[in-house]
Amino acid sequence: AFFGQINPFKGVDVILEAFAALPEKIQKQVHLDIHGANLHLQEIAFQEKIAALLEKLEGIVTLHGSYEPHEMPRLLKECDWMIIPSIWWENSPMVIQEAYNHGRPVISADIGGMAEKIIDGKTGYHFRRGSHQSLASVIEKAVTNGDWDKLHLDIVKPLGIDECARNHLVLS
């Protein structure tokens with residue numbers, strides 16, 4: 001699944017092109033859920049590109065639109081992997097914490113805070129930023145390797161608010 005704003009910087013076009021590039025055998029085994037908003041606010045050329053890719057990927061990809069924060073636990077339980085295809089240097093994406101909080105491995109671009117928070121081969125996988133071919137290869141690996149259980153078990157749940165506050169009080 002993808003969670004976030006739908007704009008050129010978040011790489012939704014990269015993820016769609018990757019799904020289009022997957023071998024047919026793999027396409028039959030995957031489904032991409034896109035949870036995000038604001039496509040209608042983007043430049044027409046970007047909107048048309050996304051629309052064409054969605055049409056090409058009908059049956060493989062579902063564009064759900066926006067979601068509310070309280071829906072996140074349910075939506076994450078419905079997916080196996082989270083994909084963060086951002087082409088810009090995300091600092092510390094909250095969505096990674098959400099994925100880890102629900103035990104979901106993450107496939108992300110190999111830059112910025114995404115690369116720092118996701119341990120390649122341990123809590124998810126990296127792919128080359130902006131490369132739909134690299135992402136397609138990693139998706140195929142995720143589907144065929146059978147190591148989801150291992151990655152899932154290696155994820156350390158982030159600290160909750162209460163535990164974080166207790167840790168800060170100990171330091172004072």
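**Exercise 1.** Classify Trp 88 and Phe 9 by accessibility, and describe how their rings pair.

*Solution.* Trp 88 has a relative accessibility of 38% and counts as partly exposed, a class between buried (under 20% relative accessible area) and exposed (over 50%), with a 1.4 Å probe and protein chains only. Phe 9, at 45%, is also partly exposed. This is a predicted model, in which local features need pLDDT of at least 70, side-chain atom pairs count only at pLDDT 80 or more, and totals for chains, interfaces and linings use all residues. Residues are numbered from 1 along each chain as its sequence is written, and side-chain values use heavy atoms, without hydrogens and water.

Next, consider the rings. The structure holds three aromatic pairs, that is, rings of Phe, Tyr and Trp (its six-membered ring) with centres within 6.5 Å; planes under 30 degrees apart are stacked, over 60 edge-to-face and the rest tilted. Phe 9 and Trp 88 are stacked, at 5.2 Å centre to centre and 15° between the planes. The pair ties together parts 79 residues apart in sequence, because Phe 9 lies in the loop between strand E1 (2-5) and H1, and Trp 88 in the loop between strand E4 (82-84) and helix H5 (94-101). Helices (H or I, at least four residues) and strands (E, at least two) are DSSP runs, numbered from the N terminus.

**Exercise 2.** Determine the geometry of the pair Trp 81 and Tyr 125, and state whether these residues are buried or exposed.

*Solution.* The ring centres of Trp 81 and Tyr 125 are 5.7 Å apart and the planes stand at 20°, so the pair is stacked. Trp 81 lies in the loop between helix H4 (72-77) and E4, and Tyr 125 in strand E6 (residues 124-127), 44 residues apart. Both Trp 81 and Tyr 125 are buried.
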